[in-house]
Amino acid sequence: MLPAPGALTRAGAGVGRLGSIWRMARAKPLGAIGAAIVVGLLVMALGADWIAPYQYDESIARMKAPSHQFWLGTDNLGRDIWSRVVYGARISVTVGFATVALATLMAAAVGISSAYLGGAYDIVVQRIVDAWQSFPGLVIILSLMAVLGPGLLNLIVALSILGAAGASRVIRGAALSVMQHPYIEAARAMGAGHLRIVLRYIVPNVMATVIVLATIGLGSVILVESALSFLGFGVPPPYPSWGGMVAGSGRTFMYHAPWMVLCPGAAISLAVFGFNMLGDALRDLLDPRLRGGS
Amino acid sequence: MRLYVLRRLLVALPSLLIATFIVFALPRLLPGDVVQMMLEEKAYGKDLDDLRAKLGLDRPLAVQYGVWLGEVARGRLGESLWTRQPVVTELIRRLPITLMLGTIALAVSIVIGVPIGVLSAVRQDGAADFVARSGAILGLSIPPFMLAIVAILLPAIWWGWTPLVSFTEWSKDPITYVVQFLLPSFILGVASAAGIMRLTRAQLLEVLRHDYVRTAWAKGLRERVVVLKHSLKNALIPVVTVLGLQVAQIAGGSVVIETVFSIPGTGQFLVDAISQRDYPVIQGINLVIVATIVACNLAVDLLYAVLDPRIRY
């Protein structure tokens, strides 16, 4: 008796998918390591309540060195540093993904519209982007935070505004390249409206560039957020931001309890390393035109 | 060449003008906060309106911008809302310190980044390349403030040595003045060096594949001549572009490094001003930073013409 239609699967389909992931991992080992780190970070962020043995603000034993009970030691207020690092991953992932999502949306809107409309609009927008990019990132973020005030949402908005400018230039370049293709002209000849051309033809064809920028951008966002928290303008306490853990009591007690500063610092570096490696690998696979620094 | 310089100047001016508007508008997105803060803490005036009039914040934004721009053209950047001291006076004292830090950091990034990038490209996929690329990736991943803290912490643990706590002025001891910048500048330069190394490597690899390089090899020229004389100059053009961007990155990084090492530069000044919402100081510092970066980008554009006479746009 023959199997029902739809029940048939291509022979070796499941193995093929796993096989192609394995082949990609072998081709880009650093990218695979980066992906593993990113997955680990996401697991920590989502499962913090189950992974962390204590709450992030629970006081247990002061200034204990790393041990079997306290894997990364405790701080001056008796809080378990491993638990705070795990909950800090939630902050970093939330800020990182939210910022990148908002920045990518803004960058795509500005970049694609600038490329599509062209003319005076493009010139004015690009001059504004040029001027915006003249500002050092941290300086503009600090100034924005001074205006918006502290808070997680304000931090995300400020970081998004900063990241959108540079990304819009790259997306504009990709959109300009897509617009040279004959299928765009064919779409116009068929009577497609502007919105249809942009959404149906341009956006899908710049998605590779957008994905690469977003992944690489995540690493930068985590770096900037940690620097802001270090300076006291990031996520306010008692939330355990990694940068905030390094500043304040971390720096104050670093000679007596170096783990208070080294452990969150290592967490930041590992997270940024993971996103950078994953972004590099995705860039090589999806859009090698962006290659320039590897 | 003169026409090229003039064209680049004309292109730089609109960017600078837009940047001044951004500098002016940014702190004013939420008017009234600093006035309320000042009234609550220091009781500078009878009421909010009186204080706003005293500080010139009651006039229309366009008028405020025009007045401010006119003052800037005359070299006046206003007064601190808290101390009532001219912003220019404090900047004249602090800016040379930040410039010293940034200049040494930029030099470090070039001296480390370019040679290692060249070595990495010439020895592609070898042990030196792997070590260099891994080092670059680490340099890009570790936050500068962590590098600074580790640079202070580890010598303290191993050898009982810590850097100076107080800042030594040039007039007191010139040698100590320069030496105290070495560690912070090195840390600030390392992160930039990583990016420059990666780009130098990528660009040199691309140039080494060109036909004229193959011809040079075929002529029997030594490796040093082929790489340094024939290839490096072309490979450095995009690297010079990135150097202009690195100036912005170093300016931002100096804020963190000055905080860690307690260096009284413009970075620390900015952090204090932001904590107090001292808008004239924030504006003054941002304007000076932006003007410096625009000038550096202009210098980069002019350097293009020297590196490659074909470039005239």
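User: Let's start with chain B. What pattern does it follow when read along the sequence?

Analyst: Chain B runs α-α-α-α-α-α-α-α-α-α-α-α. In total that comes to 12 helices and 0 strands. Keep in mind that this is a predicted model.

User: And chain A, how many helices and strands does it have?

Analyst: Chain A has 11 helices and 0 strands, so from the N terminus on you read α-α-α-α-α-α-α-α-α-α-α. Its C-alpha trace spans about 75 × 70 × 35 Å along the principal axes.

User: How do I read burial across a whole chain? What share of the residues in chain A is buried?

Analyst: The idea is to count neighbours: a residue is buried if 20 or more other C-beta atoms lie within 10 Å of its own. In chain A, 47% of the 294 residues are buried. For chain B the figure is 39% of 313 residues.

User: Can we zoom in on one residue? Where is Ala281(A) placed, and is it buried or exposed?

Analyst: Ala281(A) sits in helix α11 of chain A, residues 259-286. It counts as buried because 24 C-beta neighbours lie inside 10 Å.

User: Which residues does Ala281(A) touch, leaving aside those up to four places away in sequence?

Analyst: Lys28(A), Leu30(A), Gly31(A) and Gly34(A). For a contrast in space, take Gly234(A): it is 47 residues from Ala281(A) in sequence and 30 Å away, C-alpha to C-alpha.

User: Why do residues three or four places apart in an α-helix point the same way?

Analyst: There are 3.6 residues a turn, so residues with that spacing end up pointing the same way.

User: Now helix pairs. At what angle do α4(A) and α7(A) cross?

Analyst: Start with the axes: those of α4(A), residues 81-117, and α7(A), residues 152-179, come within 5 Å and cross at roughly 40°. The two are therefore oblique to each other, and the crossing is right-handed. The residues of this contact split into 20 nonpolar, 7 polar and 2 charged.

User: And how do α8(B) and α10(B) pack?

Analyst: Their axes are 8 Å apart, at an angle of about 160°. That makes α8(B) roughly antiparallel to α10(B). This crossing is right-handed too, and its contact residues divide into 16 nonpolar, 10 polar and no charged.

User: Finally, the two chains together: how many residues does each bring to the contact?

Analyst: Chain B brings 41 residues and chain A 36. On the side of chain B that touches chain A, the helices supplying at least two residues each include α1, α6, α7 and α8. Helix α10(B) gives the most, with 7 residues. That side of chain B has 32 nonpolar, 7 polar and 2 charged residues.

Conventions
Residues are numbered from 1 along each chain as its sequence is written. Chains are lettered from A and ligands numbered from 1 in the order in which they are written. This is a predicted model: local features need pLDDT of at least 70, side-chain atom pairs count only at pLDDT 80 or more; totals for chains, interfaces and linings use all residues. Helices (H or I, at least four residues) and strands (E, at least two) are DSSP runs, numbered from the N terminus. A residue is buried if 20 or more other C-beta atoms lie within 10 Å of its own, exposed if 12 or fewer, and partly exposed in between; C-beta atoms are placed from the backbone. Two residues are in contact if their C-beta atoms, placed from the backbone, lie within 7 Å. Ala, Val, Leu, Ile, Met, Phe, Trp, Tyr, Cys and Pro count as nonpolar, Asp, Glu, Lys and Arg as charged, and the others, Gly among them, as polar. Axes are lines fitted to C-alpha atoms, for helices over the stretch in contact, and angles run from 0 to 180 degrees between N-to-C directions. Angles under 35 degrees count as roughly parallel, over 145 as roughly antiparallel, 65 to 115 as roughly perpendicular and the rest as oblique. A crossing is left-handed if the near helix is turned anticlockwise from the far one by less than a right angle, and right-handed if clockwise.
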